[in-house]
Amino acid sequence: MSAFTYPAKFTAASDGRVLVEFIDLPRVSTDGKDEHEAMEEATDALGSELSIRLSRREEIPAASAAKRAQRQVPVPLWLAPKLALYLAMRDQGVNNSQLGRRLGVHERVIRRMLNPEHATNAKKIQAALAALGKQMTVEVRDAA
């Protein structure tokens with residue numbers, strides 16, 4: 001099972017803003033005027049970084065477990081299924097054409113599913129994940 005959250009360190013700055021630094025993505029940091037805004041900005045920054053990596057077909061680092069004084073930041077909901085599909089394909093060595101053949105669709109359909117800028121129907125991604133032996137579920141928790 002993959003949980004699409006990444007640990008981050010939230011620190012109060014001298015000017016009262018809250019700084020956010022990602023443990024597994026050292027190039028990614030942001031801030032907010034308070035904890036709530038910092039979490040919103042962190043989710044946005046995380047989504048931007050992972051979206052760029054997905055677009056470039058780069059490595060997506062595995063998220064480590066959060067340690068004391070770290071908080072888990074969720075991957076934006078619009079991106080998490082695309083990441084799950086990308087990672088499943090990479091793990092199994094399946095390319096776009098091979099997955100397209102399994103689903104009976106053209107390779108460009110798979111390309112669009114993996115494009116962070118393309119709105120993809122959730123049923124299509126569920127079907128693609130199923131063809132790879134995966135099942136997508138959604139979990140809702142109380143906010144921390």
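**Helix contacts, core and loops of a predicted chain**

The axes of helix 3 and helix 5 come within 10 Å and cross at roughly 100 degrees. That angle makes helix 3 roughly perpendicular to helix 5. Angles of 65 to 115 degrees count as roughly perpendicular, those under 35 as roughly parallel, those over 145 as roughly antiparallel, and the rest as oblique. Axes here are lines fitted to C-alpha atoms, for helices over the stretch in contact, and angles run from 0 to 180 degrees between N-to-C directions. L99, R102 and L103 of helix 3 make the contact with A127, A128 and A131 of helix 5. Contact means heavy atoms within 4.5 Å. By class, this contact of helix 3 with helix 5 has five nonpolar residues, no polar ones and one charged residue. Ala, Val, Leu, Ile, Met, Phe, Trp, Tyr, Cys and Pro count as nonpolar, Asp, Glu, Lys and Arg as charged, and the others, Gly among them, as polar.

This is a predicted model, in which local features need pLDDT of at least 70 and side-chain atom pairs count only at pLDDT 80 or more, while totals for chains, interfaces and linings use all residues. Residues are numbered from 1 along each chain as its sequence is written, and side-chain values use heavy atoms, with hydrogens and water left out.

Now step back to the whole chain. The protein chain has five helices and four strands. Helices (H or I, at least four residues) and strands (E, at least two) are DSSP runs, numbered from the N terminus. Along the sequence, the pattern is β-β-β-α-β-α-α-α-α. The C-alpha atoms fill a box of roughly 55 × 30 × 25 Å, taken along the principal axes. Of the 144 residues, 37% count as buried. Buried means under 20% relative accessible area, exposed means over 50%, and partly exposed lies in between (1.4 Å probe, protein chains only). Among contacts with a separation of 6 or more, 59% join residues 24 or more positions apart.

Return to helix 3, this time with helix 4. Helix 3 covers residues 96-103 and helix 4 covers residues 107-114. The two pack at an angle of about 110 degrees, with their axes 8 Å apart. They are therefore roughly perpendicular to each other. Helix 3 passes helix 4 in a right-handed crossing. A crossing is right-handed if the near helix is turned clockwise from the far one by less than a right angle, and left-handed if anticlockwise. On one side stand N96, S97, L99, G100 and L103 of helix 3, and they meet E107, I110, R111, M113 and L114 of helix 4. By class, that contact has five nonpolar, three polar and two charged residues.

Helix 2 and helix 5 give another pair. They pack at an angle of about 25 degrees, with their axes 10 Å apart. That makes helix 2 roughly parallel to helix 5. Helix 2 passes helix 5 in a left-handed crossing. The contact uses P81, K82, A84, L85 and A88 of helix 2, with I125, A128 and L129 of helix 5. By class, it has seven nonpolar, no polar and one charged residues.

Next comes the core. In soluble globular proteins, nonpolar side chains tend to be buried together. A nonpolar core is a set of buried Ala, Val, Leu, Ile, Met, Phe, Trp, Tyr and Cys residues joined through side-chain atoms within 4.5 Å. The largest one here has 36 residues, and F10, F22, L50 and L85 touch the most other members. Strand 1 (5-12), strand 2 (18-22), helix 1 (35-55), helix 2 (80-92), helix 4 and helix 5 (122-131) each supply at least two residues of this core. Take F22. Leaving out residues up to four places away in sequence, F22 touches Y6, P7, A8, V28, A42, L46 and V73.

Helix 1 also holds S51. S51 counts as buried because its relative accessibility is 13%. Beyond its neighbours within four places in sequence, S51 is in contact with W78, L79 and P116.

Finally, look at the loop between helix 1 and strand 4 (70-74), where R57 sits. A69 is found in that loop too. Most residues other than glycine have a negative phi. R57 is not a glycine, yet its phi is positive, about 60 degrees. A69 also has a positive phi, near 70 degrees. At 35% relative accessibility, R57 counts as partly exposed. At 64%, A69 counts as exposed.
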